[in-house]
Amino acid sequence: MRRRVAGNLWIIGGLLLLALGLATGAVAQQQKVVIAVTSPQSGPQAAWGSELIRGAELALAEYDPKKLKFKYEILPLDDQADPKVGLTVANKLKVDKDVMGVIGPWNSGVAIPASPVYSEAKLPLFAIASDPKLTRQGFTNIFRTVSTNDFQAIGGEAYLVGELKKKRVAIIHDNTIPGVTISEIFRDMAKKDKAEIVMFEGVSWGERDWSPVLTSLKQKNADALYLVTVFADVALAMKQMKDLGMNLTVLGPDGMYSDELITLGGPAVEGACATALGADVNKLPSASKFVSAFKAKYNESPQQYSVFAYEDMHILIKAIEKAGKKDRAAILKAVREVTPYDGALGRTAFNGRGDTVNQVIGIFCVKDGKWGYLKTADIPKDRMPK
Amino acid sequence: MGGFGRSGSRRSRPKLTERLRRASRFIGRSRHLQLLALLAALVVFGLQADEYLLDIGVLVGIYSILGLGLSIVIGQAGLLDLGYIAFYAIGAYWTALLSTYFGVPFWLLLPSAAALAAVFGVLLGYPTLRLRGDYLAIVTLGFGEIIRITLNNWRQLTNGPMGIMGIGHPRLALPGLGAFDFGLNVQAYYFLILVLDVVAVFVVARLARSRVGLAWKAIREDELAAGAMGVNVRRAKLLAFALGAAFAGAAGSFFAGRVGFVSPESFTFVESVLVVCIVVIGGSASIAGVILGAVVFIGLPELLREVARFRMLAFGLGMVVLMLTRPQGLLGQEWMGEPEKSRTEPEPEPALVPDL
Amino acid sequence: MEGWGAVYLQQVVNGLTIGSVYALIALGYTMVYGVLEMINFAHGDVFMVGSFVGLLVLALLAPSSSAAAGGGLLLVLGAVFLGAMASCGSLGVTIERVAYRPLRASSRLGPLISALGVSLFIQNAVMLLVGARPKAFPQLIPKQLYHVGGAVFTNVQVIILLASLLLMLALDQFVRRTRWGRAMRAVAQDAEAAGFMGVEVNSVVTLTFLLGSILAAGAGIMVGLYYGIVDFFMGYVAGLKAFTAAVLGGIGNLRGAMLGGLLLGLAESFGAGFVGAHWRDVIAFGVLITVLVLRPGGLLGEHLPEKV
């Protein structure tokens with residue numbers, strides 16, 4: 001009995017070796033290149049973090065694998081929005097010799113402490129995190145197709161206070177990094193433009209019950225609300241505004257610019273406006289291709305951040321193909337060579353720090369249950385982020 | 001290794017295994033030798049492993065200290081603390097603030113963070129002395145959340161959710177070699193946390209056998225009887241809170257120095273729960289159990305990365321299965337925490353008795 | 001809005017709405033605690049499952065629900081509540097049977113960890129099944145706004161408040177008047193003695209989990225109807241707050257849980273409205289800690305001296 005087991009083991013082992021040999025033989029023609037996607041993929045922020053994987057997958061699916069020099073793989077890594085896990089992930093990617101590019105992190109609180117490790121590893125980091133400080137640390141490996149927080153705030157203020165001439169503005173944010181930074185920059189600009197800030201409040205992230213803070217807002221006779229949070233919370237807040245019989249002009253940064261806002265908010269979000277990157281995204285043929293491909297594959301509309309991962313993946317693949325070798329420094333150089341890149345976001349090029357220079361902020365509003373493009377924000381020249 | 005090495009090892013195999021067996025038998029005889037062997041293995045790991053594995057090692061080290069500290073509170077004194085991570089936060093922010101505002105060196109901040117956390121431990125412990133069991137659990141939980149939210153809201157001092165960047169890394173002045181900055185050197189942190197862990201293990205082991213350790217045990221088994229026997233229950237409980245908090249404060253200080261950045265995101269309720277799990281799953285009052293718990297809870301999720309999507313699902317399931325199969329924890333012999341007999345004690349809660 | 005009176009009134013409305021939801025969930029915590037002396041950390045997730053089952057039932061009824069009007073609406077609502085309550089009831093009973101009962105003889109920490117594991121499992125199972133994105137919960141009841149004394153409230157809020165009170169009243173009467181209720185109280189006082197007296201302790205425990213989960217399912221549907229948005233993580237915050245409410249009122253005490261829920265809701269509304277929304281949870285926990293330091297047994301719990 002024992003011998004038979006042993007004999008079987010030999011056979012199984014032999015088969016395994018054979019399979020392994022075949023497998024490596026098959027891959028031998030095409031070397032493996034891994035692109036990691038790091039973001040919160042479990043826990044309360046999973047809804048936002050998981051979008052990045054989808055965006056990257058969609059971009060990769062657009063290539064014919066046979067025509068590529070490398071065999072690309074996407075490696076999703078859950079950083080749980082936790083700085084310490086983000087650091088572990090960075091070290092993991094640093095030592096993994098197949099990893100040639102990273103998309104993420106989504107949270108600035110994860111990206112900033114991990115960025116020195118990525119820099120030391122010379123890994124191209126396509127961050128989705130939007131804190132301006134991230135690219136101001138002097139690293140040369142960070143790129144961002146997303147707009148930074150300061151830019152969202154300046155664009156929003158130019159529209160709400162500069163163009164619509166709102167004089168009594170309330171600001172409510174969600175106590176996150178983008179929430180607080182965008183709100184503060186907006187507040188400072190609005191004060192310069194002689195608008196009165198009648199309320200400046202933070203609500204816990206993921207808060208469902210907005211009625212207490214909205215009740216005190218109702219008291220303040222505001223003529224506009226700058227609401228800085230993600231679409232699900234905006235939908236909740238605007239529904240409860242409606243229940244309280246309130247009617248205010250609502251504007252927010254790109255976290256709310258998503259079809260999901262309309263799905264969740266229904267008629268309550270009619271008239272809400274958002275600032276988002278780019279001129280009329282819907283008019284770009286490349287963008288509509290992305291949107292329809294997303295809907296076809298995942299059976300829902302893309303949420304705001306997936307398009308950035310999609311764009312980043314395209315740029316990464318192009319850079320790696322151009323470099324033609326698994327050499328991180330060469331790929332970093334190639335990123336500069338394959339941009340400007342014309343894609344779903346329009347023309348993307350990076351400035352010296354690595355931030356996109358596609359700094360056109362569009363105003364989009366919900367009209368008849370659909371996002372529509374209104375205009376670009378007129379930002380005074382002297383306020384453009386340096 | 002090549003062909004030679006292979007045939008060579010095959011020839012000497014019986015001899016080698018025999019030698020190993022003899023050696024292990026020798027080591028097995030002495031507890032001290034066991035520990036030395038383990039330490040040697042950890043040092044070899046530190047010298048050989050890549051940065052990813054070392055980083056996990058550092059995290060296991062941090063959570064071992066947290067677990068050991070909490071095992072004083074839960075395992076030895078039997079007080080269920082669900083807001084333990086607040087002390088870790090206090091240590092981390094103390095380090096971050098004094099380092100960035102005044103440039104105080106890390107080596108001064110590490111012990112002072114522990115002391116400050118101990119003070120907070122007493123501050124929390126004092127008003128809650130009268131509370132028992134699950135009431136204490138919810139109050140400590142609330143305390144943890146209050147600390148985290150305050151750190152998040154106090155924009156002027158703590159920079160709010162953006163956290164504090166640019167915390168000074170530890171530096172060592174080596175005679176003749178100049179200053180060595182830990183910077184991003186994971187290996188250096190690994191050895192530093194290893195030293196801190198050895199100290200922590202030593203302290204906890206000594207405490208368990210000390211007079212106060214016996215007092216804690218007495219309180220855990222029966223608070224009433226302990227008081228009647230002349231144990232100063234108040235002082236013993238406060239001491240447990242203070243010492244447990246000090247461990248967390250030191251761990252927090254190390255964390256701040258290693259990462260160079262702190263933000264409130266690192267100190268959520270989930271973190272407190274994680275440390276409780278490490279302690280209970282390992283075996284509340286067993287030092288080796290707590291460290292094993294840290295290895296399981298920090299290392300396993302990393303291993304499980306391969307099954308990314310099902311990771312947390314498997315993890316939750318694993319916790320249930322583990323408790324069902326080993327309710328006393330992996331290495332716990334007897335059950336620690338609140339004693340079984342508390343059921344038969346006169347019921348404090350009137351429970352569902354309707355009161356009109 | 002006219003003057004401060006109206007603001008106060010409005011915050012009372014806000015607080016009572018969220019408070020009645022807390023109270024419903026808190027009842028589940030307090031019943032289990034009363035009978036087993038354990039914190040069932042998975043209870044918040046049972047509440048979340050209730051919302052999603054409601055959503056599923058609605059999706060199955062989709063063709064009829066869109067056209068539902070008048071009597072049809074009531075039928076749909078009935079089906080949604082029934083479906084959610086039935087599945088959550090069995091979920092709660094299963095959790096107890098599988099994850100808690102084998103641990104009953106062991107320490108107090110064992111079931112706690114097991115409960116945390118169950119919570120993590122349910123959360124992630126739901127996330128894998130329905131996705132991480134928040135889902136819209138159809139607004140079945142056409143909303144109507146009422147203006148009273150400067151405050152505004154909707155018919156949905158009225159329904160939530162009434163339905164919660166009704167459910168709580170029913171539970172209270174059940175526990176006080178029926179044989180099963182008496183058995184529950186007996187087990188809560190002394191499980192061993194109750195067993196000797198012929199009470200089937202296991203059945204009573206099962207019943208406790210069944211009732212608690214049914215109430216949580218009811219709360220899940222109501223939250224879905226009120227906010228119109230549900231997601232896999234909603235049980236976490238709600239569960240934490242409800243647990244706080246249960247302790248505030250005196251854990252183990254049914255009326256305490258109701259009182260604690262409503263008080264917590266009011267404290268949060270007034271705190272968030274007048275002190276600042278970002279201090280909301282600090283106020284909630286601050287109230288809890290103050291109450292416990294002054295009355296270690298909670299508001300309606302018996303004030304127990306440190307020792308007998």
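How many residues does the contact take from chain A, and how many from chain B? In this predicted model, chain A puts in 26 residues and chain B 25. On the chain A side, four helices and strands each supply at least two of the residues that touch chain B, namely β2, α3 (83-95), α4 (108-120) and α6 (177-192). Helix α3(A) gives the largest share, with eight residues.

Chain A holds an open sheet of five strands, paired in parallel and ordered β2-β1-β3-β4-β5. The edges are taken by β2 (70-78) and β5 (142-143) of chain A, and each has a single partner strand, so one side of each goes without a neighbour in the sheet. Further in, β3 (residues 99-103) and β4 (residues 125-126) of chain A run parallel and are joined by two bridges. On the β4(A) side, L125(A) is the bridge partner of V102(A).

Chain C is next, and its fold comprises 12 helices and four strands. Its radius of gyration is 20 Å, close to the 19 Å that the globule rule gives for 308 residues, so chain C is as compact as a globular protein of that length. Along the principal axes, the C-alpha atoms of chain C fill a box of roughly 55 × 45 × 40 Å. Of the 308 residues in chain C, 62% count as buried.

The mean pLDDT of chain B is 84, and 85% of its residues reach 70 or more. Two stretches of chain B have pLDDT below 50: residues 1-12 and residues 334-356. Beyond near neighbours in sequence, residues 1-12 of chain B have one contact in the model, while residues 334-356 of chain B have 49 contacts, counted beyond near neighbours in sequence. Where pLDDT is low, the predicted coordinates should not be read in detail.

Methods: Residues numbered from 1 in each chain as written. Chains lettered and ligands numbered in written order. Predicted model: local features only at pLDDT ≥ 70, side-chain atom pairs only at ≥ 80, totals over all residues. Rg over C-alpha atoms; globule rule 2.2 N^0.38 Å. Buried ≥ 20, exposed ≤ 12 C-beta atoms within 10 Å, placed from the backbone. Pairing = 2+ DSSP bridges. Contact = placed C-beta atoms within 7 Å. pLDDT = per-residue confidence, 0-100.
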